[in-house]
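Please keep the sequence and the 3D view open while reading.

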Amino acid sequence: MAQNTPMTEAMYYLLLALTRPAHGYRLMQQVNEASGGRVSMGPGTLYGLLSKMEKDGMIQLQQQDERRKTYALTPLGRNVLKQEFERLQMLVNDGKKAQVEQL
Amino acid sequence: MKHVYRFSLPGWAVPQQEEFYALMARRGLFVEKRGFLLTRFSKGDPAELLYRLDAAPSRGQPPEEERLQFYESCGWHFVCKADYFHLYCAEKGAGELHTDAAWQNETLLPVRKSLRDELIGAGVQVVFWLLLFFLNFWVNGGIRGDLTVSETTVLFLAQCGFVLPALLILLILLKLFTSALAMHGFANYLRSVRGEKITRLSLRGFLFCEYGTAMFYAAVFLTLICTLILLTPRTVPMGQEPSSQVLLRLEQLEPNATVLQGTGSLGQESGQTEVVDVPLASLQLHNLQLSDTNGNTPWLDQHYIQLSGPLDPVLVAQSMAKYLSLGDPLPVKEPLPAGIDCAFLDDSRTDLIEVCLASGNRILHIQYLGSASDAQTVMALASQALTENSKSGV
């Protein structure tokens, strides 16, 4: 996915969870925690996204033992996450200016 | 362990397959292996299981070990390969395998591309083979020169070996149809993944349609094969018992008549008589001798065929009249001799009369070296020869 295209909710939360290096199963829990239980990630989605993000250079393998791989954000990944965060923040700010909360 | 086999559902029918396998598990049948035609189930205690199909990165390849381990750790066990997918199962209550519609949609796009490529490929094949088929048709028709398409259809079908090309085209058409169905069905599934509401057949309805369609096509296919076998034109030599019939394909029908059963006199000038294949017993057998005033046999050429297939004798006689004649015999309109179904006559030449008659499944074509005044005599004698043979039953 290009850096300037809005990312899916799953991708955003996965990058968010990866601010602390973690392995696959732990990541599922972190996503769940980070979203306050709102977003749960299935293994199919998680495995696919990890493979894609690793291929795109947003995350990298930090540690690998026999059973599990631990991933961490790359500088590119951090940058993408930051951009997405700013984009979301702008959206919220614009909403606030329009007093959407009072609708 | 006892095994049970069921017909495999189409590879593209994702939700239907998942539902079908879960239903079978509730009946104590657990999918073990999915083949192109059959799926193997093992018997066990009924269980509530979830089945999910995960798009395979490349068709027919097993999943990576790392992926398997990860899925296992989350409660999803690999079952088998399933065409474009890998089949996983989990205990009821386990989380979903895919939770992000956008990402799942992305993983399914290569499958859609494969299905689309198959559809395009089948379409191109249909166009290619139809073009080839009809080019052959027109080229063959063109060689005959004075024949029109409608007149030569039956002969052409035999001449170009109709059966195999027709079957080939039928198979490719079936492939085109199933590819289109797969493309449509999978597009619907993609829409449902993206959250669009679609109306879908129930599993029972889907199974009924699938098996019904398969049986319908099997019946059509078998009927077509039987029909084509019956339609394959054959000629048999006159005077031989059915058990010893020599079957000749009309594709062997050539102007020089060397493959037809009968005799051909090459003309009075040379005095030669060419005896081909089996001597024609028709006229001689019944002591029907035609001779001119000098006692010479006046035949330039003669052809006799007996149709044993369901070809229309009138149509074949019409084609033979044009195909084998030097002139252009026209249908005889006045009352025909008894027992004769149709007759074609050309008496426009001063030295040659051409007659083609059909009686039942027998057709006789004669070129007589004589003038127009002999036409009625030739017609009468040829009719007599043909009907006498019909009556004799040989």
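Which residue of chain A forms a salt bridge with B:Glu106? The partner is A:Lys52, and the closest N and O atoms of the two residues are 3.9 Å apart; a salt bridge here is a side-chain nitrogen of Lys or Arg within 4 Å of a carboxyl oxygen of Asp or Glu.

## How to read the model

This is a predicted model, in which local features need pLDDT of at least 70 and side-chain atom pairs count only at pLDDT 80 or more, while totals for chains, interfaces and linings use all residues. Residues are numbered from 1 along each chain as its sequence is written, chains are lettered from A and ligands numbered from 1 in the order in which they are written, and side-chain values use heavy atoms, with hydrogens and water left out.

## Chain A

Chain A has four helices and three strands, where helices (H or I, at least four residues) and strands (E, at least two) are DSSP runs numbered from the N terminus. Read along the sequence, these elements of chain A follow the pattern α-β-α-α-β-β-α.

Of the 103 residues in chain A, 43% are buried; buried means under 20% relative accessible area, exposed means over 50%, and partly exposed lies in between (1.4 Å probe, protein chains only). The accessible surface of chain A comes to about 6,100 Å², and carbon and sulfur atoms account for 49% of that surface; such areas come from the Shrake-Rupley method with a 1.4 Å probe, and for residues only the protein chains shown count as cover. Among the contacts in chain A with a separation of 6 or more, 48% are between residues 24 or more positions apart, a contact being heavy atoms within 4.5 Å.

## Where the two chains meet

The size of an interface is often given as the accessible area lost when the parts come together. Between chain A and chain B the buried area is about 1,500 Å², with carbon and sulfur atoms giving 62% of it; this is the accessible area (1.4 Å probe) that two parts lose on being put together, summed over both. A:Pro43, A:Thr45 and A:Tyr47 supply 40% of the area that chain A buries against chain B, which is more than any other three residues. The contact takes 20 residues from chain A and 17 residues from chain B.

Across this interface there are seven residue pairs in polar contact, both residues being at pLDDT 80 or more; a polar contact is a pair of N or O atoms within 3.5 Å, and within protein one must be able to donate a hydrogen and the other to accept it, while residues adjacent in sequence count only if both atoms are side-chain atoms. On the side of chain A that touches chain B, the elements that give two or more residues are helix H2 (24-34), helix H3 (43-56) and E3 of chain A. H3(A) gives the most to that side, with eight residues.

## Salt bridges between and within chains

Two salt bridges are counted between chain A and chain B. In one salt bridge, the side chains of A:Lys69 and B:Glu66 meet at 2.5 Å, N to O. A:Lys69 lies in strand E3 (residues 69-73) of chain A and B:Glu66 in helix H2 (residues 65-73) of chain B, so the pair joins two chains. A:Lys69 is buried at a relative accessible area of 19%, whereas B:Glu66 is partly exposed at 31%.

Over all chains the structure holds 19 salt bridges. Within chain B, the side chains of B:Asp117 and B:Lys113 form one at 3.2 Å, N to O; these residues are about one helical turn apart, because they are four residues apart in helix H3 (residues 101-144) of chain B. B:Asp117 is partly exposed at 37% relative accessibility, and B:Lys113 is partly exposed at 45%. Salt bridges also link B:Arg59, B:Asp83, B:Glu118 and B:Lys175 in a network.

## Around B:Ser8

B:Ser8 is in the loop between E1 and helix H1 (14-26) of chain B, and its relative accessibility of 13% counts as buried. Leaving out residues up to four places away in sequence, B:Ser8 touches B:Arg34, B:Gly35, B:Phe36, B:Leu37, B:Leu38 and B:Thr39. A polar atom of the B:Ser8 side chain lies 3.1 Å from the backbone oxygen of B:Leu38.
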